[in-house]
Amino acid sequence: MSEKLLEIKKASKFFRIGGMLSKKKLTAVDDVSFDIDAGKPVILSIVGESGCGKSTLCKMILRLHDPDQGDIVLNGRSYKDHKGYDPFRFRLDVQPIFQNPYEAFSMRKTVDTYLFNTALRLKIAKSYKEAEKLVDETLKSVGMSFEVIKGKYPAQFSGGELQRVSIARALITRPKLIIADEPVAAIDASMKMNIVNLFKELKDKYNVSFIYVTHDLSTAYYVSDYIATLYRGCLIEYGQAKEIMDDPSHPYTELLMNAVPRVGEKWNQELVMPDTEDKEYAITYCKFAPRCPYATEECRKSRPEMKVAVNGRKVLCFHPLNEKEGS
Amino acid sequence: MIKIDHLSTSYTTIDGPVHVINDVDFEIYDNEIFGIAGESGCGKTTLLKALYDILDFPLVVDSGKLILSGEKNGQAFSFETGQIRNTWWNHISYVPQAAQSVLNPIVPVKKQFLDSIPKANITKEPKAITMKRISNYLEELSLSPDLLNAYPFQLSGGMRQRVIIALATFMSPNVVLADEPTTALDVVVQRGILMMLMSLQKQLKNTMVIVSHDMGVHYQITDRMGIMYSGSMVELGKTEDIFEKPIHPYTRMLVGALPRVGDKSQKTGIPGRPPALTNPPPGCRFAPRCPKTAEECKKSVPKFREVEKGRFAACHLLNRGECRCQKNYSK
Amino acid sequence: MTVFFVVIGFIIYFLPHINPFTFNSYPSKLEPTSEHWLGTTSMGQDVLWLLIEAIHNSLLIGLIVATIGTVAGVFIGLLAGFSGGWLDRVLTVVTDTFIVIPSLPILILMTSFMKGTSTVFIMALVLAMFAWAWPSRQIRSMALSMRERDFIHTAWFSGEGTVQVVVTEILPYALTWSLSNFMNATLAAIASESSLAVLGLSPGNLISLGNMIQWARDRNAIFTKQWFWIGSPIVATAVMFIGLFLLITGYNDYLSRKRGR
Amino acid sequence: KGPKNTTTGTETAQTTEKAEAVTDTETGAETETKAEAEPAPSGETTEVGTPRNETLIVECQSPTDTPGQFNSYMQGTTMGFGIHQLMSAMMWEIDTVKGEQFGEVADGMPESNADFTEHTVKIRQGIKWSDGEDLTAGDVVFTVNMIMTNPGITQNAYYNQVFKSVEKVDDYTVKFVTKESFPRLAQRFGVTIWGNDLRIVPEHIYSKQADVTQFKDSAPVVAGPYTVKAYDELGKWVLYERREDWKNSTIGVVTGKEPKAKYVWFRNLGDDTTRQMSLINNEVDILCEVTPEMLEVMTAQNPNIACWYKGFPYATSDDPCSKGLAFSMGKGAPFDNKDFRWGIALAMNFDEISQNIFNGVGRASPFPMLTNTSACQELYVKPLLPWLKDFSLDLGDGTTVKPFDDGYAERIAGVLRDKGYDIPTDHDALIDMFGVGCWKYDPAAAEKLFIKAGLEKKMTAGILMVNLSHST
Amino acid sequence: MKFRKYFGLRFLTYLLTVWIGITFIFFIPRMFPSDPVENMIGQIQSRSGQMDPAQMDALRSQLRVQFGLEGSLLTQYGTFLWNGLLHFNFGPSLMSYPTPVGQIIGMYLPYTLFLSLTTTVIAWIIGNIIGLLAGFRKNKISSKILEGVAICIYPVPYFIIALVLQIVFAFVLGWFPIQATINTQGNFAVLFASLLKASILPAFAMLLVGTGWWIISMKSLAGTTSEEDFVLFARYRGLPEGTIGTAYVFRNSILTQVTALAMSLGGVFGGSIMTEIVFGYPGVGSLVQKAILMSDYNMILGCITISIVAISTATLIVDLIYPFIDPRIRYS
Ligand SMILES: Nc1ncnc2c1ncn2[C@@H]1O[C@H](COP(=O)(O)OP(=O)(O)OP(=O)(O)O)[C@@H](O)[C@H]1O
Ligand SMILES: Nc1ncnc2c1ncn2[C@@H]1O[C@H](COP(=O)(O)OP(=O)(O)OP(=O)(O)O)[C@@H](O)[C@H]1O
Ligand SMILES: [Mg+2]
Ligand SMILES: [Mg+2]
């Protein structure tokens, strides 16, 4: 295969939870592997219920957390290689967009300072003039302009506008990868589409790949090329977005798809609700087994292996749905 | 039944009043799930607060009133604005927005259940029996009675939300108001909660008012719904009609912009942003973002009126007959 | 109300510059007259000028202490909170220790050893030794919680270095808190100095509110009914305290209202 | 002034340890004040449970750090808390007005040989310890030998330096043999101003102690007229009770007069405000060290409060304690330098000091070594006046200054008259009241002297600031 | 198991804190040019006249041994750590030589505890109740008046209040003795009666000041808590105001106050100095002050060590019992 932009190799992250009083360990990200090709920009969606480890995974990619096990390789450079780590270069390659745009900027600074910092400190622009031009250009590409944002504080923007500024800031370095952790969760329905449309547009225009984290499956379906489903820290299904969502092979993905409140199609069947969540993180067999309608003895004994199909589609299940149908 | 009679409210602020509810006039019937949708800041919560009679400073009623009426245990009742608060949790109950933090963090759930039972009801029976009733009720809602001994922080967000709904419905109120009951929960949990609300309503045969900005949620559970924009009700009708034949351009754009699983076709959001409520433009408030704005729209406020039976809308287009009533989504 | 006291506090603070403080310059024990508004002391000093000078010095001590305490506290707190690791642990234990050490005995200890040689500034330094620990602890926890906030990450990804993140991102937040702490520390310092003065441990030639009360007491002002002499510093202290206190409360109210928006 | 004045009850005057008073000029004029023993309602009791009308309450200026410790040979014992005044047996006493010593335990003054190396001292007969034993020569000999053989007793070194031997001749005669000629045995080992170290202890008690320096002696057997009835464990008060057999105590034997108060309660009161309030409210009978101003205030509120004189200067100036600054010349530079010390003397404005601290009360004196009682002034100071007036100091830059200033009395009289006091105009009366004069206030000369003493001049203005570090 | 580990960690920091604090106060007095031996020699000299230098040196070294001041600073420190910290034996008091420091402190401590501990706790209780009312029923006139009084009294320096009380109640009205006398010689009833009489006025002064602070802090806590979602929700549930005030606002606000109480219990030692001095009440505070004036190293160390240990222990205990009063810490 071609060169990889990002490779996540069996990465795991543990947290000690419950403060000082307990030693309980929580595996927030459990042995996750996937990769993004360098050649063609893609939008990779990471979906899953809340607390399944999406943000933790993003933070590991952003080097805000170190993986406790496994490794992450960006542009052929391992995160474990601390000597070769160049924070400067790293920030040129990877940039984040956060969930809540109001949280992503300090309330006490004008937003343009962040844009200029990015342009000047990361040495994209050599002079203020040049930076201004760059900033304005980038802002225009997200449908804003320097004129509009100049000297304004975050509170003076609407959520959608501010999120665009946030995106523009991330774009200034012309990164290869943008990590967007639930970028539309705090944005109004009417604005949401504008943002996701922007991703699509920018992907081609700037040749940038996105990791788009969300639990809004309809937008994930709408924008993504690839999709990864996480359940309790495990990557349980990975592949082409359309393929997976139209025809999920993991029972959890199926459940997820069924739970989306769709317009035009009313729910009919009952649904198994999750119980106390942290117990499941500690389960040594298939983590979904307790909730899985198709679970067998086997599922309650050991962990399934990751099954990889020819087209690169992966599933972590003893009895993938489409396989069962096939046999 | 709740009758909202030309209600206008505003928040008192240092920069002058913020007119949040403007001449809203409609009825919510018995035995239905009524949905209120609209983008953030359009006044959904405020309307719900007004319905629940939380008209405390800085929220003030400028004009109009509310009447809550119906029948409970064979007794007819009718309360107006200002009286409704005396019957809180008895005839009407309220599940606030951000319900994750509304339970007392250091008191077990059990105690909070007991607290919420009006004094008049509790003295008549021994505590043990009340407890029994509570745990039975939880079981009915397929919640484990063990929950009663837990502290709120020991429960997940979804569980807490369900406990609060149980708490709000335990006294079998005639009206339950739920503000964004599923926001910030993931789809699976959301679905569980919505199913719970639906079955509760079927069982109690009461009125539920659900506020959500997720159109999918409304489609799934509400019988009728109202669309709000910038402090006013712009459209109201049977939920299916709203989705199938939206009248107001805002509704139309909203429904049209909904992404759907299985549909990769290009959708566009609504450009622009809602006007500031402190100093709203004259005329239709949606006019600046509306693709079909006419002179008239910028001048006068359209009247909220009945378009066809049970169908209300406020738009000048209706006068021009430009209202396109057609199925808006493809299946 | 608050504004009213601020005006009093600060106008008086700026007045003393026209005051030449002299000993035995007027007839002693005068009742208030148009020339000596508050009368004179047994040592022939004008009570009003003495009072103004005392307020000036007390405020000065308070301000110096509060400045040193707050600056040191903020610095150490930020350092501990942001560096993490062993440095954080060491600093935290030291900070905790200073919170635990009873300050008044140590202050008495230090001032009694320095009696005669200490000046306003040394006095302030000694008081400042105990003024930094509490803010430091607060700031540390503030820094700790801020470290995980998204905008800190945004700043870093915008190319800011650690120092710059601390200075331009965290400090502005810490500052609002610090300001209210600053006023609190001013109060505490003035109170401590007064206590020391009443114990007779404040520098003998320092005209502070505490010393003024102490002198008046020493000179029997209570029994000779020189009410203006003994009363004015007491009233001034009380008014200044209440004023500053209201200022803090007002400021905190203002902050919370601002946050509420 | 002796400890035994309690015989007369109301005339008592207490003194503090002068050695300490010297260190602090702020302690004020020593005006002893007392509330006239008011006929208190007979039912009233004090806070320590004694009938108020039989109790004399005396202020003690500082609490004791060693409560329950009455052995004067143990470190830290506070003598001023009644031990000295009520219980101690001294060899000789003094009448300060006449300036004459007389025997207390000793029966008369010592008889010395020609070169003053052997001194025979008779012991008074009839004095009994409070447990009924006789006080004899044996006790005196034991006491001195105890001091000389116990290095833990602070006076040990000095006594060994002075005495060769102390022996008992018979039960009531002691022979002191000194190493060198020692003509001042009674002055050195008897009372002159404040007590002395030689307090006779009962042999039959102290000889039984393994280590007398560690013996607290909480229920002391004494020769004085009072015994300890109770004491505060926290050191704030001691209650004494008159001996039943007071006739056999030192006072009884020497004067034959009965001490009037059945109980004497020494207590500590705290700061000036508290002290005044206590005296006004009759919670204490005798206060030590009261400024004229305090006195005026207190007499205005309670007419029963009195002191030596009704009017100015209230206190007698014949108090044998001097007040002023003293420097230990042995402490090293710069105090060992004569010019430096002169510089300080001339840098001080005596008028202001006297006004601010003593309200002008007191006799000024240019000589620090002797207390300026009227006897001393007549005998010593006045004859030196011509010399004083001529005396001049070399300022080191070729100029000289005559440092004596004889105008003080007239000046201070003027100031006091302005304040409304009735001050005599007669010059001799003024000199008696305010002294012959003092050293001049002459900062310029002082500055020159400091420079002469080797100090560097750093200040430009005429004000000189000197940090005085007090020493005893 | 888990608890043991938590306890271990917490205990370690506790020990460290105490150690650092004590080291600090060990070295501070020794850094200043005041020497208890010289002080003592001065006193002896002034009493018994001149001494020749050789004898003075002999006395000096003898005193050094007696006072435990011989050897280098480091050896002194070592001895101190060993004896003082581990055995609570601080050696003899220098001013009340040779009575051991421990014995003297033991004598004063009960008085301090009797007065300060009770007043602190009572002030805490009263202050919290009034503060709750003021914060929870913000708009009632009565709570505003109470709060106003608290605001006016709290910032007034303690000694001023003490002085005013003393003048009014003891001097003018004569209800109490001006200087407290505690009759340590009588039986327990006498002792207790005199103790009570001596402590009413100081206790009142301490209460006035202490309560003010608790009112103010509780008021702001209760004010904040009253605006929390769960309190609003309790209102929406139609709960009676009384239930909301106690079960919701009070219970949640008091948690913070418990920690604050622990800190202020420690302050009992230092904070009582002024009371003790103004009212002549015996206690550790004035003992420390006197020890400092007399350069009694051992006594200073002893008192402050006890105070440091007390404050640290109080906070340690609160930290350890906190999980039992706050379920969030117990279970999470
Ligand atoms: N710093 C941390 N310390 C301890 N536990 C953590 C920490 N960060 C995350 N976790 C836990 O790890 C799990 C995964 O968290 P994560 O934030 O990655 O989930 P998520 O998928 O992003 O959830 P959401 O959709 O709610 O954002 C959660 O159970 C969370 O409680
Ligand atoms: N206390 C207040 N004072 C002033 N303005 C307020 C206050 N509360 C709300 N508002 C304003 O009223 C408007 C409507 O608020 P409301 O909370 O009802 O919106 P909403 O539709 O519930 O929004 P969301 O979806 O974000 O919950 C907003 O513009 C808001 O800024
Ligand atoms: Mg997340
Ligand atoms: Mg809302």
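**View 1. Thr96(D) is partly exposed, with a relative accessibility of 23%.** Here buried means under 20% relative accessible area, exposed over 50% and partly exposed in between (1.4 Å probe, protein chains only). Thr96(D) sits in the loop that runs between strand S3 (92-95) and strand S4 (100-103) of chain D. Strands (E, at least two residues) and helices (H or I, at least four) are DSSP runs numbered from the N terminus. From C-alpha to C-alpha, Thr96(D) is 9.3 Å from Thr373(D) in space, and the two are 277 residues apart in sequence. This is a predicted model, in which local features need pLDDT of at least 70. Residues are numbered from 1 along each chain as its sequence is written, and ligands are numbered from 1 in the order in which they are written.

**View 2. Thr45(B) (OG1) and Gln97(B) (OE1) coordinate the magnesium ion (ligand 4) at 1.8 to 2.3 Å.** Because Thr45(B) lies in helix H1 (residues 44-51) of chain B and Gln97(B) in the loop between strand S6 (92-95) and helix H2 (109-116) of chain B, the pair ties together parts 52 residues apart in sequence. Donors are N, O and S atoms within 2.8 Å of the metal (3.2 Å for Na, K and Ca); water is not among the atoms, so sites may look incomplete. Thr45(B) is partly exposed at 22% relative accessibility, and Gln97(B) is partly exposed at 37%.

**View 3. The largest cavity has a volume of about 160 Å³.** Among the 18 residues lining the largest cavity, Phe70(D), Ile200(D), Val201(D), Val221(D) and Val222(D) are the closest to its centre. A cavity is a set of points on a 1 Å grid over the protein atoms alone where a 1.4 Å probe fits but cannot get out, and lining residues have an atom within 4 Å of a point.

Terms used:
This is a predicted model: local features need pLDDT of at least 70, side-chain atom pairs count only at pLDDT 80 or more; totals for chains, interfaces and linings use all residues. Side-chain values use heavy atoms; hydrogens and water are left out. On a 1 Å grid over the protein atoms alone, a cavity is a set of points where a 1.4 Å probe fits but cannot get out, and a pocket is an open set with protein on both sides within 12 Å along at least five of seven lines; lining residues have an atom within 4 Å of a point. Grid points are joined across faces, edges and corners, and a volume is the space filled by probe spheres set on the points.
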